[in-house]
Amino acid sequence: MSIEKKYEKLKALLTENKKWPLLYMFKFIAPNQDGKVQDVVDLLPKHGTVTYKHTKNLKYVSVTCKASMKSADAIIEVTSKISEIKGVISL
């Protein structure tokens, strides 16, 4: 499935917004192993504010980033790259 097809609905929802830049919240669940949390953080916008929340058993980490984004395409680019990391769930 192409990236365009996979994120078609997200892009449609984002393009309804006429005011850009937009403060967007990225949220991912990553396994707390093999540096996957850091892999996610490395692909998030550098100007964003990142917060973490661990599950009780420390097996997974919720990574949230709030960042001002210039376009729907920029949001989809970040989301698609992070979604390629094995075991990471995009919310």
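Biologist: What span should the 12 residues of α4 have at 1.5 Å a residue, and how far apart are its end C-alpha atoms?

Modeller: In this predicted model, the expected span is 1.5 Å times one less than the number of residues. For the 12 residues of α4 this gives 16 Å, so the prediction from helix geometry agrees with the model. The end C-alpha atoms of α4 are likewise apart by 16 Å.

Biologist: Which residues of α4 are buried?

Modeller: Buried means under 20% relative accessible area. In α4, this holds for Ala72, Ile75, Ile76, Val78, Thr79, Ser80 and Ile82.

Biologist: At what angle do helix α2 and helix α4 pack?

Modeller: Helix α2 covers residues 8-15 and helix α4 covers residues 72-83, and their axes are 9 Å apart. The crossing of α2 past α4 is right-handed. The angle at which the two helices pack is about 145 degrees.

Biologist: Which residues of α2 and of α4 make this contact?

Modeller: The residues of the contact between α2 and α4 divide into 5 nonpolar, 1 polar and 2 charged. From α4 come Ala72, Asp73, Ile75 and Ile76, and from α2 come Leu10, Lys11, Leu14 and Thr15.

Biologist: With which residues is Ile82 in contact, leaving aside its neighbours within four places in sequence?

Modeller: Ile82 is one of the buried residues of α4. Leaving aside those sequence neighbours, its contacts are Phe28, Val40, Leu43, Leu44 and Val88.

Biologist: Is Thr64 buried or exposed?

Modeller: Thr64 is found in strand β3, residues 60-69. Leaving aside neighbours within four places in sequence, Thr64 is in contact with Met25, Phe26, Lys27, Thr49, Val50 and Thr51. Because its relative accessibility is 10%, Thr64 counts as buried.

Biologist: Is Ser62 buried or exposed?

Modeller: Ser62 is also found in strand β3. Beyond neighbours within four places in sequence, Ser62 is in contact with Lys27, Phe28, Ile29, Thr51, Tyr52 and Lys53. Its relative accessibility is 12%, so Ser62 counts as buried.

Biologist: Is Lys18 buried or exposed?

Modeller: Lys18 is found in the loop between α2 and β1. The cut-off for an exposed residue is over 50%. At 72% relative accessibility, Lys18 therefore counts as exposed.

Notes. Residues are numbered from 1 along each chain as its sequence is written. This is a predicted model: local features need pLDDT of at least 70, side-chain atom pairs count only at pLDDT 80 or more; totals for chains, interfaces and linings use all residues. Side-chain values use heavy atoms; hydrogens and water are left out. Helices (H or I, at least four residues) and strands (E, at least two) are DSSP runs, numbered from the N terminus. Buried means under 20% relative accessible area, exposed over 50%, partly exposed in between (1.4 Å probe, protein chains only). Contact means heavy atoms within 4.5 Å. Axes are lines fitted to C-alpha atoms, for helices over the stretch in contact, and angles run from 0 to 180 degrees between N-to-C directions. A crossing is left-handed if the near helix is turned anticlockwise from the far one by less than a right angle, and right-handed if clockwise. Ala, Val, Leu, Ile, Met, Phe, Trp, Tyr, Cys and Pro count as nonpolar, Asp, Glu, Lys and Arg as charged, and the others, Gly among them, as polar.
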